Amino acid sequence: MSLPLLLTFAIYLSAHVSHSDMAHFKELVYTSPSEAMMEYERLVKRIDENESEGAIAIHRLALIAAYRANRLEDIPKITQAMTDAKFDELNGEIKANALLALGGIYIYNEQLDQTLWHYECAKRLDPSPENAIKLNVNTVIVYIKQKKFSEALALLDSIDESKIGSRGKG
């Protein structure tokens, strides 16, 4: 292999976000969100523009980290980056997960109508049973916050409890 080709390959490797980078970032999101936000700034510079799915995953995790680190001022920038990352080219499941994360931010800000709108969009993008359960459980939480107890109870009754993970049951 020629020296210029080796250098090009080395530059590609140093600029690419690897699976281990993503695993480390995800761990930081849940264990040290402030540090995760610093890591996000490093990772976002290395995102391959043609890798929309990976870019959205990084931005979605950054939304969670921003929320957990109480860096709400970063959320509009991250949301814009998600839009810029060829969001329209992604499949429904990935889009639905991104909208679910955004809905969580709106819950935190007590923008409950926005939360429900994002959840409805996510349901249309990914109508799978797994996604429906996740979104229904989260929608119940919104209804309770809105003091719409009859709607919350009706939706809760419609959920198949055997398919809810331990986190959802809590």
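I noted the ground rules. This is a predicted model, where local features need pLDDT of at least 70, side-chain atom pairs count only at pLDDT 80 or more, and totals for chains, interfaces and linings use all residues. Residues are numbered from 1 along each chain as its sequence is written, and side-chain values use heavy atoms, with hydrogens and water left out.

**Entry 1: the whole chain**

I counted 10 helices and zero strands. I read the order from the N terminus as α-α-α-α-α-α-α-α-α-α. I then looked up burial (buried is under 20% relative accessible area, exposed over 50%, partly exposed in between, with a 1.4 Å probe and protein chains only). Of the 170 residues in the chain, 39% are buried. The accessible surface (Shrake-Rupley method) comes to about 10300 Å², and carbon and sulfur atoms hold 56% of it. For contacts I used heavy atoms within 4.5 Å. Among contacts with a separation of 6 or more, 56% join residues 24 or more positions apart.

**Entry 2: α2 against α4**

I took axes as lines fitted to C-alpha atoms, for helices over the stretch in contact, with angles from 0 to 180 degrees between N-to-C directions. Helix α2 (residues 19–31) packs on helix α4 (residues 52–68) at about 20°, with the axes 9 Å apart. My cut-offs were under 35 degrees for roughly parallel and over 145 for roughly antiparallel, with 65 to 115 roughly perpendicular and the rest oblique. α2 and α4 are therefore roughly parallel. I logged M22, F25, K26, V29 and Y30 on the α2 side, meeting A57, I58, L61, A62, I64, A65 and R68 in α4. By class, I found 10 nonpolar, no polar and two charged residues in the contact of α2 with α4. Here Ala, Val, Leu, Ile, Met, Phe, Trp, Tyr, Cys and Pro count as nonpolar, Asp, Glu, Lys and Arg as charged, and the others, Gly among them, as polar.

**Entry 3: α3 against both**

How are α2 and helix α3 (residues 33–44) angled where they pack? I read about 150°, with axes 6 Å apart. That makes α2 roughly antiparallel to α3. D21, H24, F25, L28, V29 and T31 in α2 meet P33, E35, A36, E39, Y40 and L43 in α3. I sorted that contact into seven nonpolar, two polar and three charged residues.

Next I checked α3 with α4. They pack at about 150°, axes 8 Å apart. α3 and α4 are therefore roughly antiparallel. P33, A36, M37, Y40, L43 and V44 of α3 touch I58, H59, A62, A65, A66 and R68 of α4.

**Entry 4: loop positions**

I went back to N91. At 40% relative accessibility, N91 is partly exposed.

Most residues other than glycine have a negative phi. I found E110 with a positive phi near 60°. E110 sits in the loop between α6 (92–108) and α7 (112–125). K147 also has a positive phi, near 60°. K147 lies in the loop between α8 (129–145) and α9 (149–158). K147 is exposed, at 62% relative accessible area.

Technical notes: Helices (H or I, at least four residues) and strands (E, at least two) are DSSP runs, numbered from the N terminus. Accessible areas come from the Shrake-Rupley method with a 1.4 Å probe; for residues, only the protein chains shown count as cover.
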